[in-house]
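This briefing is for a reader who is new to the structure. Please look through the sequence and the model before reading the notes by topic.

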Amino acid sequence: MVTSTMSDRHPAELHLFRNYVPPETGRDPTFKSVASFRSVTKPEEQLVWRAARSSGAAPTYFRPMGRFLDGGLLSNNPTLDAMAEIHDYNTCKKSQGQSEQVKKLSVVVSLGTGKPPQIQVGTVDVFRPSNPWEVMKTVVGARELGKMVVDCCTDSDGPAVNRARAWCEMIDAHYFRLSPQLQTDVMLDEVSDAVLVNMLWDTQIYIYQQREEIQKLVRLLLEP
């Protein structure tokens, strides 16, 4: 299952590339459509490289893949989407009288790409300026507000982790979230060897610190 964002409509819609027939939930569409959209490619006809290219089409970094943009715009931490998909799949099998194919979710492993340090923000106040000094304040506020909006859209270590953990606890499933704390915010297009090596070192330290948690995960996965 690979996530992507369908950008040929507004509001945009999360799309899941699958290698299996999607479950039939019988639910009404999230939005009432007043336009006609092309149907998506069937799972058995979907090429893996196209799905990967569509999922990674991050705006300003890579061109869109047709109508698809980076799945992180709507689901940068797709844990809940994967769990919802499993639930829908099991529900569909039960309704079709195929309960023997239902699989209980017992372990959820979520791997992050690293958490940036939290820094102080001066101002996010955007208003109509009345003098040159306020023009500068508005520009700075607009810039910081824009960064905050992007961070909120692509957040993968905040509320999404807490919600997934809470859901797992409610269904008695083990939840593991592994994402190293980085010393600096590493950009997607970073090319500095020093920055990348420091990121790798932060990750190595984190793996050592989490060795007991990783060993616990290994034992659970090896259980028959």
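Helices (H or I, at least four residues) and strands (E, at least two) are DSSP runs, and both are numbered from the N terminus. The model is predicted: local features need pLDDT of at least 70, side-chain atom pairs count only at pLDDT 80 or more, and totals for chains, interfaces and linings use all residues. Residues are numbered from 1 along each chain as its sequence is written, and side-chain values use heavy atoms, with hydrogens and water left out.

**Overall build**

- The protein chain holds seven helices and five strands.
- Read from the N terminus, the order of these elements is β-β-α-β-α-α-β-α-α-β-α-α.
- Along the principal axes, the C-alpha atoms of the protein chain fill a box of roughly 70 × 55 × 35 Å.
- A contact means heavy atoms within 4.5 Å. Of the contacts in the protein chain with a separation of 6 or more, 60% are between residues 24 or more positions apart.

**Annotated span**

**Surface and charge**

- Accessible areas come from the Shrake-Rupley method with a 1.4 Å probe; for residues, only the protein chains shown count as cover. The accessible surface of the protein chain is about 16,100 Å², and carbon and sulfur atoms account for 57% of that surface.
- Residues are called buried under 20% relative accessible area, exposed over 50%, and partly exposed in between (1.4 Å probe, protein chains only). In the protein chain, 25% of the 224 residues are buried.
- Lys and Arg count as positive and Asp and Glu as negative, while His and the chain ends are not counted. The place of a charge is taken as NZ of Lys, CZ of Arg, CG of Asp or CD of Glu.
- There are 25 positive and 27 negative side chains in the protein chain, and the centres of the two sets are 4 Å apart.

**Aromatic pairs**

- Rings of Phe, Tyr and Trp (its six-membered ring) pair if their centres lie within 6.5 Å; planes under 30 degrees apart count as stacked, over 60 as edge-to-face and the rest as tilted. This rule gives two aromatic pairs.
- One of them joins Tyr 20 and Tyr 89 edge-to-face, at 6.1 Å centre to centre with 85° between the planes.
- This pair links distant parts of the chain, 69 residues apart: Tyr 20 lies in the loop between strand E2 (13-17) and helix H1 (48-55), and Tyr 89 in helix H3 (residues 79-95).
- Tyr 20 counts as partly exposed because its relative accessible area is 25%. Tyr 89 is also partly exposed, at 30% relative accessibility.

**Backbone features**

- Most residues other than glycine have a negative phi, and most peptide bonds are trans.
- The peptide bond from His 10 to Pro 11 is cis, with omega near 0°. Pro 11 sits in the loop between strand E1 (2-6) and E2.
- Thr 60, which is not a glycine, has a positive phi of about 75°. Thr 60 belongs to the loop between H1 and E3 and is exposed, with a relative accessible area of 79%.
- Asp 172 is likewise not a glycine and has a positive phi of about 60°. The loop between helix H5 (159-170) and strand E5 (174-178) contains Asp 172, which is exposed at 65% relative accessibility.

**Individual residues**

- His 15 is part of strand E2 and is buried, with a relative accessible area of 11%. Not counting residues up to four places away in sequence, His 15 touches Val 2, Thr 3, Ser 4, Met 6, Val 40 and Phe 68.
- Pro 59 lies in the loop between H1 and strand E3 (68-70) and is partly exposed, at 35% relative accessibility.
- Leaving out residues up to four places away in sequence, Pro 59 touches Leu 69, Asp 70 and Leu 73.
- Val 218 is located in helix H7 (residues 211-222) and is partly exposed, at 40% relative accessibility.
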